[in-house]
Amino acid sequence: MIRWFRTVKQRNKVGKEADPTPVVTPAEQEPDTGIEEDLPKNICVLPDELVLIIFRHLNPLDATLLNIRLVCRHFRDLIDQSGDLYAKRTSIRIRRKENVSPMLLKKLVEESSTSIQSVDLAGCDDVTDDVLHHVVRTCPNIRDLDVKACGHVTNIGLRATSQYLRSLERLDVSHCPFITPSGILLLVTTAGGRLRKLQMDNCLGLRTCGRLSFGRYCPRLTHLSLAWSSDYGLQSPAVKLSISKFTARCRNLESLDISFNRCRGEDLMKLNHNCPKLRYLKAHHTFQDPQMPPAGLRGIFPLVVLDLTDSWTLTDGGLSFFLVCYPMLEELTLTRCYDLRGRGVMQTISSCRSLSRLVMEFCFYVDEKSLEWVGSMSTNLSHLDVSHNVNITNDTVRKIRRTRSANGRIPLVIQTRCCPGMTRRKSRFQFDGCDSVNMSII
């Protein structure tokens, strides 16, 4: 065994002697430029101007800048005394689920207290009433405030907002479960003089809205949203919502969203007379089947966009109620209106001459002849969506194309997604990257 180890050792020695390391001549050596000796080994050796340029690439709302401030006294003094690093900002936006140090946010709002006009804190779990109180107290010139989905914000935060923000123009408190009508009432009575947009979607605390009259305290209000989402249930918590009192004196209101709030036809007529400038109405699953209003309450109102999605019990008679009131419609959405027939759709085209977009997804009872009449006789219609309809076929599209070409109509786009009667080879289609989405260009 000892003899074997000696033999292996001798062989390794012979191999190393046979393969010596290569010798590099002076001519083959790389020239020594001396650059490595001139480079600083520490960032503190750099001039303050270069260090500030490096720091400017960091986000002021990132915790990294706060950690760099704790490295040494030189960095701390450089960051605190630098006015360029915390530049005068006009807006602050914190992304959803972004960890922001309260100290850093406090430093940022203090440096730009007079110039900040927009604050977006939507979806931040760390935003509480104390944080909101400090932000609105430090920045009194805020015009746009978004605290959407900030679950810890209550009426106390709204009280501070109404106390310090007298020039507020837009407020979003959607998905805040602890906001109640008393907090909204305090806000609009104190700081509602310049308020233009107010969003209160999916607020569990808004159960009684009888005392809210926005037109009295917000004369400049143009956008109002009190919608509910079907993801939280079909019944809205605002069970005592009164549209007539809710929109009283809103003479400048242009957009309204009351989805999943039960309303009647009489409320719609009062809404039309309260808001003569209303142009956009979104009412998902709101009006069941309104009856024709009396002749004294009828009128022509300048509504342009009407969305009646999920109005399951809406019939042709109920649709004629809207057509009488809104003959100037340009966009109409009737998705999942299962009880609609072809007569109501044909009456829509006859009553609304300026209609350019019609969406009828999941309208199973609209027959082929009605679709052909709509596509052929509509003068200004440029987009027709009949997805998930079993009645439309290739012959229907061919007849519409032939009729519109003969009459010189404007181009029409028919969207036929998931229609079993449509095939590729019999009609001219433009496939949008997926066989289930067909765009027929007429």
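Contact here means heavy atoms within 4.5 Å. This is a predicted model, in which local features need pLDDT of at least 70 and side-chain atom pairs count only at pLDDT 80 or more, while totals for chains, interfaces and linings use all residues. Residues are numbered from 1 along each chain as its sequence is written, and side-chain values use heavy atoms, with hydrogens and water left out.

**Exercise 1. Find which residues Val-305 touches, leaving out those up to four places away in sequence.**

Step 1: locate the residue. Val-305 sits in strand S9, residues 305-307; strands (E, at least two residues) and helices (H or I, at least four) are DSSP runs numbered from the N terminus.

Step 2: list the partners. Val-305 touches Arg-279, Tyr-280, Leu-281, Leu-329 and Glu-331.

Step 3: check the burial. Val-305 has a relative accessible area of 19% and is therefore buried, where buried means under 20%, exposed over 50% and partly exposed in between, with a 1.4 Å probe and protein chains only.

**Exercise 2. Work out which residues of helix H15 are buried, and what covers them.**

Step 1: helix H15 spans residues 368-377, and its buried residues are Ser-370, Leu-371, Val-374, Gly-375 and Ser-376.

Step 2: the cover over these buried residues includes helix H14 (342-351), strand S11 (357-359), strand S12 (383-385) and helix H16 (394-407).

**Exercise 3. Count the salt bridges and examine some of them.**

Step 1: set the rule. A salt bridge is a side-chain nitrogen of Lys or Arg within 4 Å of a carboxyl oxygen of Asp or Glu. Side chains of opposite charge can pair when their charged atoms come close.

Step 2: count. The rule gives 6 salt bridges.

Step 3: take Arg-417 and Glu-361, whose side chains meet at 3.1 Å, N to O. Arg-417 lies in the loop between strand S13 (413-415) and strand S14 (430-431), and Glu-361 in the loop between S11 and H15, so this pair ties together parts 56 residues apart in sequence. Glu-361 is buried, at a relative accessible area of 14%.

Step 4: turn to Asp-172 and Arg-170, where the closest N and O atoms of the salt bridge are 3.9 Å apart. Asp-172 is buried at 3% relative accessible area, whereas Arg-170 is partly exposed at 22%.

Step 5: look at Arg-398 and Asp-395, a salt bridge with its closest N and O atoms 2.7 Å apart. The two are 3 residues apart in helix H16, so about one helical turn separates them. Arg-398 is partly exposed at 25% relative accessibility, and Asp-395 is partly exposed at 41%.

**Exercise 4. Inspect the backbone: what is the phi of Ala-149, and what is the phi of His-285?**

Step 1: recall the background. Most residues other than glycine have a negative phi.

Step 2: Ala-149 has a positive phi, near 60 degrees, and is found in the loop between strand S3 (144-146) and helix H8 (155-164).

Step 3: His-285 also has a positive phi, near 50 degrees. The place of His-285 is the loop between strand S8 (280-282) and S9, and at 4% relative accessibility His-285 is buried.

**Exercise 5. Zoom out: how many helices and strands does the protein have, and what share of its residues is buried?**

Step 1: there are 16 helices and 15 strands.

Step 2: of the 442 residues, 45% count as buried.

Step 3: among contacts with a separation of 6 or more, 79% come from residues 24 or more positions apart.
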